[in-house]
Amino acid sequence: MAVTPPAQRNWWKEPIERVELIWTVLAFLWGIAMFATMILWHVVGKQNLANEAYRISPDVFMTRTEAFAKKYKVREEGKTGVPVVRPPAGADVYMLGRLWEWWPVLELEKGQSYRLHLSSVDWQHGFSLQPINVNIQVHPGYEHILTITPDQSGQYGIVCNEFCGIGHHQMTGKIHVVERKPQ
Amino acid sequence: MTTVDVAAGQAVAGRQAQFRSCPFTGLRVDLAAQKLIIANAVAAVIFLAVGGLFGLLVALTRWPAVHLLPAELFYLVLTGHGANVLLFWIIFFEIAVLYFASAVLLNSRLATPKLGWLAFILMVVGAVMANVAVLQGDSTVMFTSYPPMKAAPHFYLGLILFAVGALVGVGIFFATLVIAKEERTYEGSIPLVTFGALTAAIIAVYTIASGAIILIPTFLWSVGLIGTIDPLMYKVVWWGMGHASQQINVSAHVALWYAIAALTVGAQPLSEKVSRTAFFLYILFLQLASAHHLLVEPGISSEWKIFNTSYAMYLAVLGSMIHGLTVPGSIEAAQRRNGFTKGAFEWLRKAPWGNPAFAGMFLSLVMFGFIGGISGVVLGTEQINLLMHNTLYVPGHFHGTVVAGTTLAFMAATYLVLPLIFQREVAFPRLAKIQPYLFGIGAAGISLFMMGAGTLGIPRRHWDMTLADASMPYEFSAAAFLMMGLNGVFAVLAALGGIIYIVVVVASALGGKKVDASRPAWQFPVTSAAGANVAKYGSHGTVKLPGTIILVGVFFVAFMLYYYVNWKYLSAVWPLR
Ligand code: HEM
Ligand SMILES: [Cu+2]
Ligand SMILES: [Cu+2]
């Protein structure tokens, strides 16, 4: 009985039941399969989070993002007049999280790849791209660089899903994905 | 009805322990241990009451049609919910379980009850201090308290005191094992349940150490003695505590599954070796599982993530999957020996579903596996985590583990602790009978609907899914709103179940009838005739377990399907590297 000492003192010499053995082996193999799937996805899958990241001071990141926004700004949007920035295809693009917005708004071309630099200038934030539901943690002091390839046009919302104080639920941003301009 | 015999404490250290002998099991119960078990269990239930109320308020606020609390209060209450239920309720109860599994099950006196009271007081002071800090309103940092967000110093101090108290309690457990061995209060090896508790205790040491390593500097930072805390380093170490501590919960509730199965239907392990190895896997492989909280963080390599979520997690998952077979398997074997041999499932149909200890245990087993377990592995997959990190899927998953699994198992165990340790009959038996079902269905509902809302993108810890005051508008789908409404409905059910539990426990403890050992309201197979049939060790000859094989087969197929469906979802999002 599980609440009393094992009835046979040399319990470690007991034979293992066949069902137990089969199930254990099966569960073990399943673990291997799941392990292999993750590795395989790095080879064949198209969605793998970048490992490229650097330490950066929030001030420097802010300066770079502002310079980027100024350079490629095409218009403003929203109650607070956030710049909408349209970088050329393949460019390095910047987005920062701060209390409480994702800044600036990006306008990207469908099917093009961009190197997106993400960081925070104050607290941690959660970059949550909707409705495709891609979620990435954003830290102050770390610049995370990922290559994204929007494959459908439309408007994408960004919400914050790391609690960042009383304005957490007001923190949003936007990415427009537009059809490629005819050359 | 209790006979108290004053046995001389044989120890050299020489505490004169007072024992009574348990009329149901014949075990000697150290009265000092009994008092400490009662104190810790009562504290646990009080913090569950507070934390559960907070949980209901949170769920009602996240129900769009109700949206109960204003934003500031919502975040405050959410912080209080996490701390009270995840830390205080669970850990107080676990300390009670540790004392029970050592002193009572080993027939021994408890080591240093005085220190036990010190531990208890430290934990109470710490928990109250943290609650005060939260309620004062300047510590709304969530129970994870990620820097650079800063709480009031006494928030961290409260958590530290609580942890130190818990560590002392764990130490007393180890000391009791040593005493029991020296004083030869049992024959051979420790019981499986005690072995499970030992697993929990070993992991607890590791866990509490990680907690101290990170919370002490954070406390110093909050009073201004340290300049900065690196937020990423904090998370790595914090989750060394935060996740590993979930393995304490798993070990503890699995140990209780075995205990309840033994005490309600007379189950015994199919094989001691396999069940013990499965516990041992938890110790070996869960330590670095903090990795799966860091799957979408910058600056951590894929190799590290994969290695730590797989070797560390899957081998521990293996442990749980083994228990997932051996627990129902041992129940089936016992029930078949009890005479329920028809078809694949007579043993299950004729199980004591009217006994809340059994019902709660079995529901906990099934829901922990199907809801909490499967979703946890999927969530902890390196790339798939991108689809779910910090969405409501995450609380959905862990309400499947820590509420439907651990909490329900603890509740179930309470129905045995009341007669065995409090020596009271369970008050309001009719209500107690439905309690596990109400709470279980509620917990399953909130888990599933939060998971559903999460897959639709709804963020966790978020006051307003309409995003009405946001700088840039965005609209979540109508389906997501529906999910949150249903979540609210099931939260009410869970809360009802929780309230009944608390009422039953309080009424039994304060005003319940003293158990009459000659006519106990609850039959324990240990003393009944059924018990005698199954007293023989092991499974030889009995182990045809068609029902269990079907159950685990269904589980396995569900697991594989759900796992690969999520890869399919992942393949549909923007390419990203
Ligand atoms: C009546 C029962 C309960 C209800 C209705 C409930 C409901 C909820 C809801 C709606 C959330 C918020 C999710 C969010 O906004 O992010 C939440 C969070 C949470 N719940 Fe519960 N819960 C209950 C019981 C429990 C229990 C018993 C535990 C632990 C044993 C627990 C542990 C947690 C934790 C750790 C969080 C996360 C807090 C955070 O994000 O900081 N809950 N709960
Ligand atoms: Cu934010
Ligand atoms: Cu936020």
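Visitor: In what order do the strands of the open sheet in chain A run?
Guide: Bearing in mind that this is a predicted model, the seven strands of the open sheet follow the order β2-β3-β6-β12-β11-β8-β9 in chain A, and their pairing is mixed.

Visitor: Which are the edge strands?
Guide: The edges are β2 (73-77) and β9 (134-138) of chain A, each of which pairs on one side only. Between neighbouring strands of this sheet the turn is 25° on average, with direction ignored.

Visitor: And which helix packs on the sheet?
Guide: Helix α2 of chain A, residues 58-72, packs there and touches β2, β3 (82-85) and β6 (105-109) of chain A, while its direction makes about 100° with that of β2(A).

Visitor: How many bridges hold β8 to β9(A)?
Guide: Strand β8 of chain A, residues 125-130, pairs with β9(A) over five bridges in the antiparallel sense. Within that pairing, Phe127(A) has Ile136(A) of β9(A) as its bridge partner.

Visitor: Changing topic, what does β4(A) pair with in the parallel sense?
Guide: That partner is strand β7 of chain A, residues 114-120, which is joined to β4(A) by six bridges, and here Val93(A) stands opposite Leu116(A) of β7(A). β4(A) also pairs with strand β5 of chain A, residues 101-103, in the antiparallel sense over three bridges, and a hairpin of two residues connects β4(A) to β5(A). In this second pairing, Arg98(A) is found opposite Glu101(A) of β5(A).

Visitor: How many of the residues of β4 are buried?
Guide: Six of the seven residues in β4 of chain A (92-98) are buried, so that the strand is mostly covered.

Visitor: Which residue coordinates both copper ions, ligand 3 and ligand 2?
Guide: Cys160(A) does, and the two ions are 2.6 Å apart.

Visitor: Is Cys160(A) buried or exposed?
Guide: Cys160(A) has a relative accessible area of 0% and is therefore buried, the cut-off being under 20%. Cys164(A) is also buried, with a relative accessible area of 0%.

Key:
Residues are numbered from 1 along each chain as its sequence is written. Chains are lettered from A and ligands numbered from 1 in the order in which they are written. This is a predicted model: local features need pLDDT of at least 70, side-chain atom pairs count only at pLDDT 80 or more; totals for chains, interfaces and linings use all residues. Side-chain values use heavy atoms; hydrogens and water are left out. Two strands pair if DSSP finds at least two bridges between them. Helices (H or I, at least four residues) and strands (E, at least two) are DSSP runs, numbered from the N terminus. Axes are lines fitted to C-alpha atoms, for helices over the stretch in contact, and angles run from 0 to 180 degrees between N-to-C directions. Contact means heavy atoms within 4.5 Å. Buried means under 20% relative accessible area, exposed over 50%, partly exposed in between (1.4 Å probe, protein chains only). Donors are N, O and S atoms within 2.8 Å of the metal (3.2 Å for Na, K and Ca); water is not among the atoms, so sites may look incomplete.
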